[in-house]
Amino acid sequence: MKSDKIKVLYLINFAGKAGTEKYVENLIDYLPNNEFEAHLCYNIPGELSEKCEAKGIPCHRLSMKSPFDRKAVKSLSKLCIQEKIDVIHAQYPRENFIALQAKKRLKSVKVVFTSHLTLYQNAVWKFFNKKLTPLNDAVISVCREGEKILIENKVDKSKIHVIYNGIDTSKIPPRDRSYLKGIADGDAVVGIALARLSPEKGLDFLIDSVFEAKKTLKRKLCILICGDGKMRESLQRHIDEKELGDTIKLLGYRTDTAKLLCASDFAINCASSNEALSFALLESLGSSLPLVTTDVGGNRDLCEYGGKAGICVSYGDTEAFASALKAVCENDREREEMGRLARHKAENEFDLNSLLFETVKLYY
């Protein structure tokens with residue numbers, strides 16, 4: 001006999017610790033237990049799968065080698081029948097295509113797809129998007145730029161819903177500059193970047209921009225970069241070559257980023273591509289930090305849509321990014337005003353519970 005609860009299977013290739021995994025975790029935690037039963041299906045284990053197992057969420061391992069992995073389609077179909085799944089919520093194009101092929105065998109299962117990237121796809125992807133995405137019950141874009149790119153990629157326009165990522169501002173600690181004692185000079189204006197140390201995060205561009213800004217900057221600046229990755233050694237060499245060791249600090253992976261945000265003066269995102277709507281920047285908004293970002297994905301939505309909470313410039317324009325850094329450093333009043341608006345936007349436009357509710361409505 002089928003349960004009265006709606007069973008939702010979250011399908012993700014890598015169950016790690018990045019923004020998409022946080023998105024899935026938020027949805028799982030939000031689902032009312034009396035109406036829904038969450039399942040996690042993944043290929044590569046990580047922090048998300050470990051958390052779900054600790055919470056007692058049913059977890060299933062599924063190899064997903066390609067978007068047209070026939071074995072994965074067959075295994076997913078069997079899993080959905082066995083567990084009486086009602087909704088598959090896929091997180092990337094590969095997972096979505098596997099889910100849609102399984103849906104052909106499972107007529108009653110809904111497939112919802114969230115697009116977390118702003119990536120223009122090639123002709124082959126566009127062909128299959130046009131053929132398969134009409135089978136989606138809903139496609140979620142987490143920013144307005146993402147919606148435009150999905151349409152360009154031939155995803156069925158009628159299925160697209162723009163639903164931003166969200167945060168719970170009630171969980172953000174109070175501002176406390178003293179937390180930076182021993183990390184940053186108390187007189188410095190402190191910018192913080194939460195980012196993997198990988199090429200698409202644009203950190204070499206940030207280093208070059210800071211070097212340019214410091215030529216004429218009248219205030220002491222400190223940039224904190226929190227994250228790990230394969231580029232740590234090369235980034236440190238770049239910092240040393242530019243003689244910026246006292247200005248830019250690689251802090252590595254931190255578990256106290258919420259407190260670091262609430263101790264900083266502004267937040268930075270230098271992504272070069274693919275970024276849709278950064279959770280790190282949402283947390284920065286909630287921490288009353290103005291933003292200095294590249295014009296990628298949803299960054300402009302965060303900075304300018306509904307009022308100016310930051311400065312958004314083109315990736316690669318070192319002089320423009322340097323000017324933006326100088327602007328937030330040298331004008332205390334404007335920086336504080338942008339910070340107030342940032343918090344207002346986080347509370348009113350990116351409220352986690354409201355946005356999760358909009359997503360869960362698509363499961364019915």
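A residue counts as exposed when its relative accessible area is over 50%, as buried when that area is under 20%, and as partly exposed in between. In this predicted model, Glu 243 has a relative accessibility of 70% and therefore counts as exposed. Glu 243 lies in the loop that links helix H8 (232-241) to strand S11 (248-252), and its phi is positive, about 55°, although the residue is not a glycine. Most residues other than glycine have a negative phi. A positive value is also found for Lys 84, whose phi is near 55°. Lys 84 belongs to the loop between helix H3 (70-83) and strand S4 (87-90); because its relative accessibility is 36%, Lys 84 is classed as partly exposed.

A further loop residue, Ile 163, is placed between strand S8 (160-162) and strand S9 (189-194). With a relative accessibility of 7%, Ile 163 is therefore counted as buried. Beyond its neighbours within four places in sequence, Ile 163 is in contact with Ile 140, Ser 141 and Val 142, as well as with Leu 355, Glu 358, Thr 359 and Leu 362. The C-alpha atom of Ile 163 is separated by 7.0 Å from that of Cys 143, a residue 20 positions away along the chain.

In soluble globular proteins, nonpolar side chains tend to be buried together. The largest nonpolar core of the model has 64 residues, of which Tyr 10, Ile 192, Leu 285 and Tyr 363 touch the most other members. Helix H10 (residues 279-286) gives the most to this core, contributing five residues. Apart from this core lies another, of 32 residues, which includes Leu 203, Ile 207, Ala 213 and Met 338. Leaving aside neighbours within four places in sequence, the contacts of Tyr 10 include Val 24, Leu 27, Ile 28 and Leu 31, together with His 39, His 89, Gln 91 and Tyr 363.

Six strands form an open sheet with parallel pairing, in the order S11-S10-S9-S12-S14-S15. Its edge strands, S11 and strand S15 (310-313), each pair on one side only. On average, neighbouring strands of the sheet are turned by 20° against each other, direction ignored. Strand S14 (residues 291-294) runs parallel to S15 and is joined to S15 by four bridges. Within this pair, Leu 291 stands opposite Gly 310 in S15.

Among the helices, H7 (residues 203-214) and H12 (residues 318-330) have axes that come within 8 Å and cross at roughly 65°. This crossing of H7 and H12 is right-handed. On the H7 side the contact is made by Phe 205, Leu 206, Asp 208, Ser 209, Val 210, Glu 212 and Ala 213, and on the H12 side by Thr 318, Phe 321, Ala 322, Leu 325 and Lys 326. Classified by residue type, the contact of H7 with H12 has seven nonpolar, two polar and three charged residues.

How values were computed. Residues numbered from 1 in each chain as written. Predicted model: local features only at pLDDT ≥ 70, side-chain atom pairs only at ≥ 80, totals over all residues. Heavy atoms only, no water. Helix = DSSP H or I, 4+ residues; strand = E, 2+ residues; numbered from the N terminus. Buried < 20%, exposed > 50% of the residue type's maximum accessible area, 1.4 Å probe, protein only. Contact = heavy atoms within 4.5 Å. Axes fitted to C-alpha atoms, helices over the stretch in contact; angles between N-to-C directions. Left-handed = near helix turned anticlockwise from the far one by under 90°. Nonpolar A, V, L, I, M, F, W, Y, C, P; charged D, E, K, R; others polar. Core = buried A, V, L, I, M, F, W, Y, C linked by side-chain atoms within 4.5 Å. Pairing = 2+ DSSP bridges.
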